Amino acid sequence: MSQIKSIGVLTSGGDAPGMNAGLRAVTRTAICNGMKVFAIYRGYKGLISDEVVEFKTQDVSNIIQRGGTILKTARCPEFATPEGRKQAYDTIVKHQIDALVVLGGDGTFTGAKAFAEEYNMPVVGLPCTIDNDLCGTDFTIGYDTALNTVIECVDRIRDTASSHERLFFVEVMGRDAGFLALNAAIAAGAEAAVIPEEEIKKEVLEEVVGNGFRKTKNSSIVLVAESDVTGGAKGIAEAARKLHPEYDVREVILGHIQRGGTPSAQDRILASRMGVAAIEALLEGQRNIMVGIMNDEIVYVPFSRAIKDDKPINKRLFNALRTLSI
Ligand code: F6P
């Protein structure tokens with residue numbers, strides 16, 4: 001018989017499509033296993049300020065298809081301090097919460113790890129971020145939807161790029177990770193991707209602007225990952241204008257459009273599987289782990305590994321893009 005009689009659940013950091021599907025799965029699996037579920041609003045902020053409501057199964061009805069998070073979310077610098085975490089723990093004690101399930105990205109898990117260690121609290125995480133930048137999981141919840149949103153936008157930009165014979169630099173999110181940019185470039189048939197993992201700024205410009213563009217094509221689209229390393233779409237567009245003043249260059253920053261929208265089937269299924277697995281992990285006595293997916297199998301990954309900054313980009317994809325964009 002599990003020691004865990006009640007759980008708290010929260011969403012934190014940048015929202016991601018599929019968070020609601022994850023919340024639904026966590027809530028219903030916990031209730032199915034005789035646990036009480038306390039929903040915590042506004043992430044760690046709400047844990048500190050006691051924004052806690054007990055959820056029944058009907059509280060998560062009709063949310064699987066909704067983007068964003070019905071629990072709201074926040075980034076919470078207070079939780080990075082021992083004082084903030086102490087206040088959060090007071091809320092846990094007040095509601096007699098035995099374990100936490102947190103849905104978020106690396107900031108969320110960094111906080112979860114500190115809290116779990118300080119208060120000997122079982123915490124399980126669901127990887128939710130459009131960036132797909134967490135180690136130990138092939139995919140994060142929200143990434144597939146964002147990728148589809150990006151390619152839909154790029155398809156539209158392609159129409160106008162080709163009509164005006166222009167070179168477009170399209171900036172996508174990723175917070176220093178190039179997964180969205182690289183995969184969107186392949187899926188949208190873009191000419192190149194500029195990502196922080198590959199130091200190729202100058203060469204890409206020469207290759208794309210100098211060769212690909214005008215040689216075989218009269219319009220080009222380059223996906224650029226947001227990051228100080230890449231300089232973003234603005235920085236690269238400026239460099240391209242200098243290099244080739246004769247070309248008609250435009251930049252587009254897709255921004256938060258990428259984070260919204262109804263989750264894809266893949267994200268809903270992933271979130272549902274991971275939500276079930278999070279409660280199963282707690283029942284098995286697991287703690288301080290993130291639920292991941294590797295080769296279509298659920299895996300459990302220690303927070304310390306999930307937040308390590310070294311998830312590699314698949315170099316083969318990068319080479320494939322080069323080949324396909326001639
Ligand atoms: O981590 C998710 C993410 O969307 C990043 O891709 C982006 O850099 C960041 O969040 C934007 O954060 P905010 O919504 O707080 O501006």
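A residue is called buried when its relative accessible area is under 20%, exposed when that area is over 50%, and partly exposed in between, with a 1.4 Å probe and protein chains only. By that rule Cys153 is buried, at a relative accessible area of 17%, and Cys128 is buried too, at 1%. The structure is a predicted model, in which local features need pLDDT of at least 70 and side-chain atom pairs count only at pLDDT 80 or more, while totals for chains, interfaces and linings use all residues. Residues are numbered from 1 along each chain as its sequence is written, and side-chain values use heavy atoms, leaving out hydrogens and water.

A disulfide is taken as a pair of cysteine sulfur atoms within 2.5 Å, and the count by this rule comes to zero. Cys128 is accordingly in no disulfide; the nearest cysteine sulfur, that of Cys135, is 17 Å away.

Helices (DSSP runs of H or I, at least four residues) and strands (runs of E, at least two) are numbered from the N terminus. Helix H1 covers residues 19–32. The expected span of a helix is 1.5 Å times one less than its number of residues; for the 14 residues of H1 this gives 20 Å, and the end C-alpha atoms are 20 Å apart, in agreement. Ten of the 14 residues of H1 are buried, so the helix is mostly covered. Among them are Met19, Leu23, Val26 and Ala30. With contact meaning heavy atoms within 4.5 Å, the buried residues of H1 pack against several elements, including strand S1 (6–11), strand S2 (36–40) and helix H9 (265–283). Just after H1, Gly34 takes a positive phi of about 80°.

Around this helix, S1, H1 and S2 make a right-handed β-α-β unit; right-handed here means that, with the strands pointing away from the viewer, the path from the first strand over the helix to the second runs clockwise. Two strands pair if DSSP finds at least two bridges between them. S1 and S2 are parallel, with five bridges, and Ile7 stands opposite Val37 in S2. S2 and S3 are antiparallel, with four bridges, and here Phe38 faces Glu54 in S3. Four of the five residues of S2 are buried, so this strand is largely enclosed by the rest of the structure.

Elsewhere, four strands form an open sheet in the order S7-S8-S6-S9, with parallel pairing. Its edge strands, S7 (192–194) and S9 (249–253), each pair on one side only. Strand S6 (residues 167–172) is joined to S9 by five bridges, and the bridge partner of Phe169 in S9 is Glu251.
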